[in-house]
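Welcome, and please get your viewer ready for a short walk through some side chains. Have the selection tool at hand.

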Amino acid sequence: MFKKVLIANRGEIARRIIRTCQKLGIETIAVYSEADANSLYVSDATESYCIGKPPVAQSYLNIDVIVKVAKEAGAEAIHPGYGLLSENAAFAKRVEEEGLVFIGPSSDVIAAMGSKLEARRTMEKAGVPIVDGVNDPIKDTDEAVEIANRMGYPVMLKASAGGGGIGMQLVHSEVELRQAFEGNQKRAQSFFGNGQMFIEKFIADPHHVEVQILADRHGHIIPIFERECSIQRRHQKVLEEAPSPFISEETREKMLEAAVNAAKTIQYTNAGTIEFLVDKDQNFYFLEMNTRLQVEHPVTEEITGLDLVEEQLKIAYGDVLNISKDDIVAKGHAIEVRIYAENPVTFFPSPGTITKLLLPEGEGIRHEISIQEGSEVTPFYDPMIAKLVVFAGNRLEACEKLEEALGQYVIEGIQTNIPMLLDIVKNEQFRNGITTTKFVEEHYLKETVGKSK
């Protein structure tokens, strides 16, 4: 096993990776910006190095500096976590060229799956269902209008690169499309350096369900059940659970098989996630592939007993997967909520200093957290500051445990989305497992916030 690993990330995911490395006796190297000098993960690591000023372009996205630190500190491998450089093919390639191990898939696979258009073409070849749409970039607004008119409105206008909802817009008419195309194209070019756009047919009120996979370098690929990730705001997830309360056992098996076929087609290695949209009739369609560890990986760990970071490290080291699909049994139900430093209504970030922090404790409660009393939440990074994960024997018990835990959670000095999360878990629709991607819009912003105004 590796003796020393550099973690090219920050916050709670850096702490999560360090925890597994410590369990395995692996020394860890943390890198941090000037704004993160007092962060918990910095002191958790075996050694740590400042790599630049707070803006990510001057620190966490500086490939040259990160690789230089890794080599000078004697790292054998680099774990990218999620976000930042985790799905940057140029970073993975540089790590490979420098004789280090990138804990993830190859740079070629990352590049292929980083393009939604390339991913659509690949999944179609693999026999994975894809949403009706185009597989080539759209040249201009007139071509976009021609395609949409032929396909029929509403349609989803999407950027081929990146994620987080940037460059994506639901369009109901030709007028809307003409207004939206160039603006979204420019946003995609600005954020991702790639302005390629395409169009897919809109699927009304879908569920967002993803399949976790592990694949070693010896041709073994195993699916590790699914996660329901439909509770989203601004196309970003805020609550995830496993297993999905919506899909049938038949649909589950079909999705697991499709995910394995997709991974085989692209010769995938390490941990990855195939994301699907599922309509009301349980037809499912490929959405995208995340070539990294997911934010929501803890819910899969809770229902299976696996340590996905440990499996990542073993696969990257060259070990053979010592588990099969039949060895993995899902027990109970797990729910994760993402706690953001943000206004619970507008979703605007809320930086500041944590003046009081009280965490709920008890059996079946897990925290992934990057703050403590006195911590400063800066405006430089994603506002997610913690994840609360609950596990119980069934979904109803997990919902009740989550409601109780959120009621005991205290963070003062900043605003958080805890009021929103409490409202969601108390909602009858949520309790019944009816959680489409429209849930926040229809049952929180419209019913709760709208009525309170």
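This is a predicted model: local features need pLDDT of at least 70, side-chain atom pairs count only at pLDDT 80 or more; totals for chains, interfaces and linings use all residues.

Residues are numbered from 1 along each chain as its sequence is written, and side-chain values use heavy atoms, with hydrogens and water left out.

**Stop one.** Select threonine 291, in the loop between β13 (284–290) and α10 (297–304); helices (H or I, at least four residues) and strands (E, at least two) are DSSP runs, numbered from the N terminus. Threonine 291 has a relative accessible area of 2%, so it is buried (under 20%; exposed is over 50%, partly exposed in between, with a 1.4 Å probe and protein chains only). Beyond neighbours within four places in sequence, its contacts (heavy atoms within 4.5 Å) include Ser86, Pro105, Met113 and Tyr268.

**Stop two.** Now for salt bridges (a side-chain nitrogen of Lys or Arg within 4 Å of a carboxyl oxygen of Asp or Glu), of which the structure holds 44. Pick lysine 4 and glutamate 47, whose closest N and O atoms are 2.9 Å apart. This pair joins distant parts of the chain, strand β1 (residues 4–7) and strand β3 (residues 47–52), 43 residues apart.

**Stop three.** Arginine 252 sits in helix α9 (residues 249–265) and glutamate 226 in strand β10 (residues 221–233); both residues are buried.

**Last stop.** Finish with a salt-bridge network, whose members include Arg16, Glu301, Lys314 and Glu368.
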